[in-house]
Amino acid sequence: MSHVMETNPLAPYVRGDLPGRFNELDVLRRHWARFAAVSQGAVVPPYEVLIHPSSGCNLRCAWCIGDHVPLELWDEQREQLVMLDAAKDASDRLPDHLASPENMLKLIGGIVDYEVEAPYRQGGEDRSGVFRVEAVSFSGLIGEPLVARKALIPAFALLAERGIRYGIFTNAVLMDDACIEALLPAGYVHISIDAGTPETYADLKYGGRKAGKVMFERAMANLARLVQRRAETGSEVEINTSFVMYPENYHEVYTAARLIRQAGADSLRLKQDNSGDRPLTPDQALHASRLIEQIRSDLTTDSFRLLERASRNRV
């Protein structure tokens with residue numbers, strides 16, 4: 001692989017500090033047979049499926065992308081497209097069909113049973129392979145996936161039983177003991193934190209309401225509980241966290257990193273403003289850069305990594 005990376009002309013344009021699954025060359029290497037089959041006209045399953053189980057959310061993040069996403073829904077009775085508002089306070093919201101355990105299991109069952117045998121050419125030789133979905137990711141562009149946790153728990157069990165890698169992006173507030181146990185066989189759990197104190201968490205992620213402070217404590221406690229159960233059971237699930245920096249919270253990034261490391265997470269991923277509408281000022285960006293360097297020098301170890309993701313306004 002090192003020789004390939006040295007000779008591949010794309011290598012200088014790919015960040016080497018990103019994990020394999022976020023590294024374009026690594027994805028191409030691992031799934032070359034699939035790409036080759038598709039380039040030759042085969043219709044094969046994707047290597048990963050992303051599922052958004054719910055359009056509902058238990059938080060109200062000030063920067064929520066979902067609040068700005070228009071949705072199109074086909075109305076069978078009137079045979080026309082209906083525009084829905086994805087905002088959390090919208091009168092018409094995308095229906096949560098996958099919050100039903102029956103519907104979710106039907107979907108997952110179809111995914112795990114979907115496989116196609118197809119020819120492809122590699123290294124000048126004609127070959128054949130059996131292609132199937134290898135991973136399922138649960139996330140929420142417009143909602144929190146654990147709102148549908150009653151449907152997700154049996155889905156996780158089926159995926160684990162069939163040997164399909166799965167993971168979840170969550171705020172972890174709704175992560176009860178049953179969820180934690182169901183996530184121990186997972187490939188990863190990614191928890192968004194975005195604050196270093198209960199007060200800032202409440203201000204930015206729950207409209208300033210006092211209950212937001214409790215939610216911060218719950219999210220951190222659930223993170224620590226997941227780490228504890230991983231150690232007790234020998235689970236190999238990756239436990240990652242993220243922090244999106246805004247003018248209102250960037251100054252707490254070191255505090256958050258310290259708390260996250262103390263809880264036992266494997267990594268912290270940093271980036272700045274998803275939309276580009278609320279960038280840090282030059283002075284704030286300089287301050288943030290100093291805090292990030294402090295994290296690198298004081299907190300990072302072989303068991304706790306810091307990753308910076310590219311954004312429209314890099315620090």
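Which residue forms a salt bridge with Glu181, and how far apart are the closest N and O atoms? The answer is in point 3, after some context.

1. **Overall make-up.** This is a predicted model. The protein has 315 residues, and buried residues make up 46% of them. Its secondary structure comprises 10 helices and 11 strands. Take the contacts with a separation of 6 or more: 67% of them are between residues 24 or more positions apart. The accessible surface is about 16,300 Å². Carbon and sulfur atoms own 51% of that surface.

2. Side chains of opposite charge can pair when their charged atoms come close. There are 13 salt bridges in the structure. One of them joins the side chains of Asp177 and Arg225, at 3.9 Å from N to O. Asp177 sits in helix H6 (residues 177-183) and Arg225 in helix H8 (residues 211-233), so this pair ties together parts that are 48 residues apart in sequence. Arg225 has a relative accessible area of 29%, which makes the residue partly exposed.

3. **Salt bridges, the opening question.** The partner of Glu181 is Arg229, and their closest N and O atoms are 2.6 Å apart. Arg229 belongs to helix H8 and Glu181 to helix H6, so here too the pair ties together parts 48 residues apart in sequence. Is Arg229 buried or exposed? Arg229 is buried, because its relative accessible area is 17% and the cut-off for buried is under 20%. Glu181 is partly exposed, at 35% relative accessibility.

4. **Salt bridges between loops.** Glu248 and Arg278 meet through their side chains in a salt bridge of 2.6 Å, N to O. Glu248 lies in the loop between strand E9 (238-245) and helix H9 (253-263), and Arg278 in the loop between strand E10 (267-272) and helix H10 (282-298), so the pair ties together parts that are 30 residues apart in sequence. Glu248 is partly exposed, with a relative accessible area of 35%. Arg278 also counts as partly exposed, at 23%. Elsewhere, salt bridges that share partners join Glu181, Arg229 and Glu232 into one network.

5. A pair of aromatic rings is described by the distance of the centres and the angle of the planes. The structure holds five aromatic pairs. Phe169 and Tyr188 form one that is edge-to-face. Their ring centres are 5.6 Å apart, with 70 degrees between the planes. Phe169 is in strand E7 (residues 165-170) and Tyr188 in strand E8 (residues 188-192), so the pair ties together parts that are 19 residues apart in sequence. Phe169 is partly exposed, at 29% relative accessible area. Tyr188 is buried, at 11%.

6. **The ring cluster around Phe156.** Which residues do ring pairs link into a cluster? They are Phe138, Phe156 and Tyr166. Phe156 is part of helix H5 (residues 149-161). Phe156 is buried, with a relative accessible area of 1%. Leaving out residues up to four places away in sequence, Phe156 touches Phe138, Tyr166, Ile168, Ala182 and Leu183. Phe156 and Tyr166 are 10 residues apart in sequence. Their C-alpha atoms are 7.5 Å apart in space.

7. **A charge over a ring.** Arg209 lies over the face of Tyr206. The distance from the ring centre is 4.3 Å.

8. **Ser54, a buried loop residue.** Where is Ser54 found? Ser54 is in the loop between strand E1 (48-51) and strand E2 (70-75). Ser54 counts as buried because its relative accessibility is 4%, and buried means under 20%. Its side chain makes a polar contact of 2.7 Å with the side chain of Asp96. Not counting residues up to four places away in sequence, Ser54 touches Asp96, Ile142, Gly143, Glu144, Val147 and Ala148.

Notes: Residues are numbered from 1 along each chain as its sequence is written. This is a predicted model: local features need pLDDT of at least 70, side-chain atom pairs count only at pLDDT 80 or more; totals for chains, interfaces and linings use all residues. Side-chain values use heavy atoms; hydrogens and water are left out. Helices (H or I, at least four residues) and strands (E, at least two) are DSSP runs, numbered from the N terminus. Buried means under 20% relative accessible area, exposed over 50%, partly exposed in between (1.4 Å probe, protein chains only). A polar contact is a pair of N or O atoms within 3.5 Å; within protein, one must be able to donate a hydrogen and the other to accept it, and residues adjacent in sequence count only if both atoms are side-chain atoms. Contact means heavy atoms within 4.5 Å. A salt bridge is a side-chain nitrogen of Lys or Arg within 4 Å of a carboxyl oxygen of Asp or Glu. Accessible areas come from the Shrake-Rupley method with a 1.4 Å probe; for residues, only the protein chains shown count as cover. Rings of Phe, Tyr and Trp (its six-membered ring) pair if their centres lie within 6.5 Å; planes under 30 degrees apart count as stacked, over 60 as edge-to-face and the rest as tilted. A charge sits over a ring if NZ of Lys or CZ of Arg is within 6 Å of the ring centre and within 35 degrees of the ring normal.
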